[in-house]
Amino acid sequence: MWENPSTYAAIAGVVTALLLGGRYLVKFIRWTGEVDADRDGLRLVLGEIQQDIRDIRADIGHILRQLQPVTVQEYRPLRLSELGERIAVEMGADGWARVASRELKDRVEGSDLYDLQEFCFEFANRDFKPDREFLARINRSAYEHGVHRSKVLDVLAIALRDELIRQSEPNPVNSLT
């Protein structure tokens, strides 16, 4: 049995296979350990990322809580938000705009729509001098809705702009002429 060369070849093959198999088994075990170590490191990094996301969400929530409510939506053209609509109704903005527009129509005649809008915002926020009663209504509305007084005046500016455009019909598209 030991004298047969094929037996030595078979034994040599088995020993070689065992040595190579052992070598690859050791490499596999090391690789598995490295993967486990990488997995633990990945878990640590993922935990840090999750905490960062929680912190970012908290920061965004804090920022959003500090933002003022919006009375004018910045669509094209500018429009009142739901809050702006409520303020306009409470303030009687349409009635105010009808009265104010009678005095201002000549000042904006020939203006394009953008210039008209700018004029209305400047008038409502800078030139308009409300009487004591109307100023009290503006302040009360700002207080009750948690907005700055200028946001209420912006509502008046939009109402004034819309009234001046209405009065300029039938051709409100590009100018008030």
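Analyst: Let's start with a term: a nonpolar core is a set of buried Ala, Val, Leu, Ile, Met, Phe, Trp, Tyr and Cys residues joined through side-chain atoms within 4.5 Å. Keep in mind that this is a predicted model. The largest such core here has 33 residues, and W96, F128, I138, L156 and L160 have the most contacts inside it. Five helices, α2 (82-91), α3 (93-108), α4 (113-127), α5 (132-145) and α6 (149-168), each put in at least two residues. The largest share, 9 residues, is from α6. In soluble globular proteins, nonpolar side chains tend to be buried together.

Of its 177 residues, 28% count as buried.

Now back to α6, where charged residues turn up too. R166 and E163 both sit in this helix, 3 residues apart, or about one turn. Their side chains form a salt bridge at 3.2 Å, N to O. E163 counts as buried because its relative accessibility is 8%, under the 20% cut-off, while R166, at 43%, is partly exposed. Another salt bridge joins R161 and D162 at 2.8 Å, N to O. Here R161 is the buried one, at 7%, and D162 is partly exposed at 27%.

In all, the whole structure holds 4 salt bridges. One of them pairs R126 with D127 at 3.1 Å, N to O, with D127 partly exposed at 31%.

Key: Residues are numbered from 1 along each chain as its sequence is written. This is a predicted model: local features need pLDDT of at least 70, side-chain atom pairs count only at pLDDT 80 or more; totals for chains, interfaces and linings use all residues. Side-chain values use heavy atoms; hydrogens and water are left out. Buried means under 20% relative accessible area, exposed over 50%, partly exposed in between (1.4 Å probe, protein chains only). Helices (H or I, at least four residues) and strands (E, at least two) are DSSP runs, numbered from the N terminus.
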